[in-house]
Amino acid sequence: MNNNRVYKMSFAGVYPHYIQKAEKKGRTKEEVDEIIFWLTGYDRQTFQLHLDNKTDFETFFVQAPQINPNVSKITGVICGYRVEEIEDELMQKIRYLDKLIDELAKGKAMDKILRK
């Protein structure tokens, strides 16, 4: 897999797809944001700066204030890979986010998605 291409994609370019996926299943943009904030430690203001600056995925995750310590509880398959077995740390973080958005779209309760 060519990870470099994914790393250089604009987070702002993919973000609307996360929202669209959630909304198609009756979930909200606010829930998508809550997941992103939980995972990365961003708040609304710093997150908006990254969207406005069209920050790439690599920079978005490298500059994340704090990756949630409960990410190790995120398990399962996304895009044919077990997220807990992905060796590339940055790709693993990207796939964690994909997995959480998938869980939201599948109707899981927010407490379960956020591993409470």
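**Helix H6 and its surroundings**

At the start of helix H6, a side-chain oxygen of Asp-88 comes to within 3.0 Å of the backbone nitrogen of Leu-90. The model is predicted.

**Helix H6**
- H6 covers residues 89–105, a run of 17 residues.
- From its first C-alpha to its last, H6 reaches 25 Å, close to the 24 Å expected at 1.5 Å a residue.
- Because 16 of its 17 residues are buried, H6 is largely enclosed by the rest of the structure.
- Just after H6, Gly-107 adopts a positive phi of about 90 degrees.

**The largest nonpolar core**
- This core has 38 residues, of which Phe-11, Val-32, Ile-35, Ile-36, Phe-47 and Leu-97 touch the most other members.
- At least two residues of the core come from each of the helices H1 (3–7), H2 (11–24), H3, H4 (44–52), H5 (57–62), H6 and H7 (110–113).
- The greatest contribution is that of H6, with eight residues.

**Ile-36 and Thr-40**
- Apart from neighbours within four places in sequence, Ile-36 contacts Phe-11, Tyr-15, Gly-41, Phe-47, Phe-60 and Leu-97.
- The backbone oxygen of Ile-36 is reached at 2.7 Å by the side chain of Thr-40.
- Thr-40 belongs to helix H3 (residues 29–40) and is buried, with a relative accessible area of 1%.
- Not counting residues up to four places away in sequence, Thr-40 touches Phe-60, Phe-61, Ala-64, Pro-65, Gln-66 and Ile-67.

Technical notes
Residues are numbered from 1 along each chain as its sequence is written. This is a predicted model: local features need pLDDT of at least 70, side-chain atom pairs count only at pLDDT 80 or more; totals for chains, interfaces and linings use all residues. Side-chain values use heavy atoms; hydrogens and water are left out. Helices (H or I, at least four residues) and strands (E, at least two) are DSSP runs, numbered from the N terminus. Buried means under 20% relative accessible area, exposed over 50%, partly exposed in between (1.4 Å probe, protein chains only). A polar contact is a pair of N or O atoms within 3.5 Å; within protein, one must be able to donate a hydrogen and the other to accept it, and residues adjacent in sequence count only if both atoms are side-chain atoms. Contact means heavy atoms within 4.5 Å. The expected span of a helix is 1.5 Å times one less than its number of residues. A nonpolar core is a set of buried Ala, Val, Leu, Ile, Met, Phe, Trp, Tyr and Cys residues joined through side-chain atoms within 4.5 Å.
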